[in-house]
Amino acid sequence: MDLTQARETKAQLSDFARDLAERHGVPASPYAVGDDATPADVVRAPTLSLGLAPHGDAGFGIAVRYRLGVPTARSFVRRLAAEAGDAVDVRRTGRIRTLAAQVRPPVATARALGETDRVRPLRPGVSIAHVDVTAGTLGAFVVKAGEEGARYVLSNFHVLAGSPSAQVGDVVVQPGPADGGRAPGDRVGTLAQVVPLTPGEPATVDAALALLDEGIEIDPTYPVGAVTTTAVAAGGEVVAKIGRTTAHTQGRVTAIEMDDVVVGYGDELGALSFDNQIEVEGTGGAFSRGGDSGSLVYREDGVALGLLFAGSETGGADGTGLTYCNPVDAVLEALGVTLSPR
């Protein structure tokens, strides 16, 4: 199928999935489980994620992802796969979670392959976080039009803010607290802006900015030169990232325009559903693990495609999980920034 045909087929399958759900009396979307639903109820709902998967020479098939192997979900998958025909890529992901570091030191730091130490000048790929978060990754440096001299760090909401109660002006440290970072000695800036995440509402990006303190030196050229150009993921690209936990890894874009990607955010936000996401499968091992959230995902030629924020338990090659990324243009537009060349 070409792109237009694939999008039409995806829309038809989405309608078909909703019809199946209505006939079986189960939730048709992640949030159609009732006003009194718990985060666990949302995650267990047998809803599916649908997207576009590269198929053949410049063609597309349908990516069908399901979280848990409950009978209803398996039944839906079989029906959808039959409707989609041969051009279908079905995978069970297990639960999908944000990829901030999950444990406190010394375990979190000892298991990391990337930069968990105090690093100056700051550079992409190092440990960073809100002073009350564990640790994530510094993705890139960005600037705002009309703000001469102001420099910002780009990462995820759940890395630089971590909670709806976080406030602009909160301290950000490098390394993150899970790697021993403390204020005021390791302070590098303050929380400046977030794209809000709201329980029960679909989202597109998990993103935030930290305003760097004056005098903090940076190196935006690490590891592939200054990344200043962006592109829309087309599917099938060979990509890479530099992250706090798994360091430099490579992967391939296995799906684009993924909708209803349900991600666990813990007690405060519960499970959130994301639309229009990019999916990456690692080549030669896992593409990401906890602590890699916030990494910039780029093509071999240094063009940015996405901002890494979540990963699944299974679904990738060799028993590894899949990684999910926000489209980078959507992130930059939501925050009103551009990638910085210096």
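**View 1. Strand β5 beside strand β9.** β5 and β9 (residues 171-173) pair in the antiparallel sense over two bridges. Strands here are DSSP runs of E of at least two residues, and helices are runs of H or I of at least four, both numbered from the N terminus. Two strands count as paired if DSSP finds at least two bridges between them. Across this pair, A129 has V173 in β9 as its bridge partner. The model is predicted: local features need pLDDT of at least 70, side-chain atom pairs count only at pLDDT 80 or more, and totals for chains, interfaces and linings use all residues. Residues are numbered from 1 along each chain as its sequence is written, and side-chain values use heavy atoms, with hydrogens and water left out.

**View 2. The β5-β6 hairpin.** Strand β5 covers residues 127-130 and runs antiparallel to β6, joined by two bridges. I128 has G136 in β6 as its bridge partner. Five residues lie between the two strands of this hairpin.

**View 3. Strand β7 beside strand β20.** β7 (residues 140-143) pairs with β20 in the antiparallel sense, again over two bridges. V143 has T338 in β20 as its bridge partner.

**View 4. The eight-stranded sheet.** These strands belong to an open sheet with the order β6-β5-β9-β10-β11-β8-β7-β20 and antiparallel pairing. β6 (136-137) and β20 (338-339) stand at the edges with a single partner strand each, so one side of each has no neighbour in the sheet. Strands of a sheet pair through backbone hydrogen bonds, either parallel or antiparallel.

**View 5. The chain around the sheet.** Six helices and 20 strands make up the secondary structure of the chain. The radius of gyration is 19 Å, close to the 20 Å from the globule rule for 342 residues, so the chain is as compact as a globular protein of that length. This radius is taken over C-alpha atoms, and the rule is 2.2 Å times the number of residues to the power 0.38. The C-alpha trace spans about 60 × 45 × 40 Å along its principal axes. Among contacts (heavy atoms within 4.5 Å) between residues at least 6 apart in sequence, 69% join residues at least 24 apart.

**View 6. Burial in the chain.** Of the 342 residues, 55% are buried. Buried means under 20% relative accessible area, exposed over 50%, and partly exposed in between, with a 1.4 Å probe and protein chains only.
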